[in-house]
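Hello,

Here is the structure I promised to pass on to you. Please have it open while you read, and my notes on it follow just below.

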Amino acid sequence: MRRLLAAVPLLLLAACTPNTADDAETPRSADEPTWSVACSPGTTPVDGIGDLELDCLGDGTATAVGTADKPLVVVLWASWCVPCQQEAPEIEAFFQANGDQVDVLGVDTADTDDAGRWFADDFGMTFPSVADPDEAVRIGLGVPALPGVALVNTDGTVADLIVQPGVTAESLAEAAGAAFGLELA
C-alpha cells in the first residue's frame, strides 16, 4: 500500500510531462538499487594514496585501496559524468577480456552511493567499486577531472595515468599491456 501511495505523485507528474522520444532518463522506482559486487582489499598501498580505506560500493565494507597479486587498473568515475557513461561499457569489456591478468577497481568519485549503484547496475558492471565522496583517490593520484584511469604495478607504483576521456577497451588494453608488460586482449 505504501508503494502505491508513493507512486501516485509520480503518476500525476508523468501525466503532466510531455512524452518525447528524446527522453534519455528512465524513471527509477522507489526501491534501492540492487547492484552489489563485493570488493577485495588490496595488500600493497598505491603511491599517492597510502593506506586509504574506502567503503565498498557493493556491500559497504571498508576496503583497503591497493594492489594484491596482479597489476591494478583504477577507474575513476561518477554517475553524473557524461564521459564516464560513455566509457563504462568499454571498461566492462576490458575487464571481461582481461580480468584474469589484471584487477580492476572502480572508484565512484564525488557521488552518492545510490546513484553509483544505479550507474553500476545500468551499465552491468561486474568489477568492484569503492565509494569516494571526498575524492581522496582522484586528488592523491593527481587526476585533474573525471574520468581518469591509473595503471598501478603490483608494488603500488603508478605506471601510467590516463586523464583524457574516450577510453575504449582496445586503448585501455594497449596502455595496460605496455605499462605492465602483458599481452592483453
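G124 counts as partly exposed, with a relative accessibility of 37%. You will find G124 in the loop between α3 and β7, where, just after α3, this glycine takes a positive phi of about 60 degrees. E92 is 32 residues away from G124 in sequence, yet their C-alpha atoms are 7.8 Å apart in space. Please keep in mind that this is a predicted model.

In α3 (residues 113-122), the residues G116, R117, W118, F119 and A120 are buried. What do the buried residues of α3 pack against? Their partners are β5, α2 and β6.

Next, the aromatic rings. The count of aromatic pairs comes to three. One of them joins F95 and F127 edge-to-face, with 5.8 Å from centre to centre and 65 degrees between the planes. Because F95 lies in helix α2 and F127 in the loop between α3 and β7, this pair ties together parts that are 32 residues apart in sequence. F127 counts as buried, at 2% relative accessibility. Then there are F119 and F123: their ring centres are 4.7 Å apart and their planes stand at 50 degrees, so this pair is tilted. An angle over 60 degrees would be needed to call a pair edge-to-face, and one under 30 degrees to call it stacked. F119 is buried, with a relative accessible area of 5%, whereas F123 is partly exposed at 29% relative accessibility. Ring pairs also bring in W77, which forms a cluster with F119 and F123.

Now to the sheet, with β6 as the strand to start from. Is β6 enclosed or open, and why? Six of the seven residues of this strand (residues 103-109) are buried, so β6 is largely enclosed by the rest of the structure. On one side, β6 pairs with β5 (residues 72-77) in the parallel sense, over six bridges. Within that pairing, L76 has V107 of β6 as its bridge partner.

In soluble globular proteins, nonpolar side chains tend to be buried together. Which residues does V137 contact, leaving aside its neighbours within four places in sequence? They are I49, L52, L54, V74, L76, V107 and D132.

Happy viewing, and do write back with any questions.

Best wishes

Definitions and conventions. Residues are numbered from 1 along each chain as its sequence is written. This is a predicted model: local features need pLDDT of at least 70, side-chain atom pairs count only at pLDDT 80 or more; totals for chains, interfaces and linings use all residues. Side-chain values use heavy atoms; hydrogens and water are left out. Buried means under 20% relative accessible area, exposed over 50%, partly exposed in between (1.4 Å probe, protein chains only). Helices (H or I, at least four residues) and strands (E, at least two) are DSSP runs, numbered from the N terminus. Two strands pair if DSSP finds at least two bridges between them. A crossover is right-handed if, with the strands pointing away from the viewer, the path from the first strand over the helix to the second runs clockwise. Contact means heavy atoms within 4.5 Å. Rings of Phe, Tyr and Trp (its six-membered ring) pair if their centres lie within 6.5 Å; planes under 30 degrees apart count as stacked, over 60 as edge-to-face and the rest as tilted.
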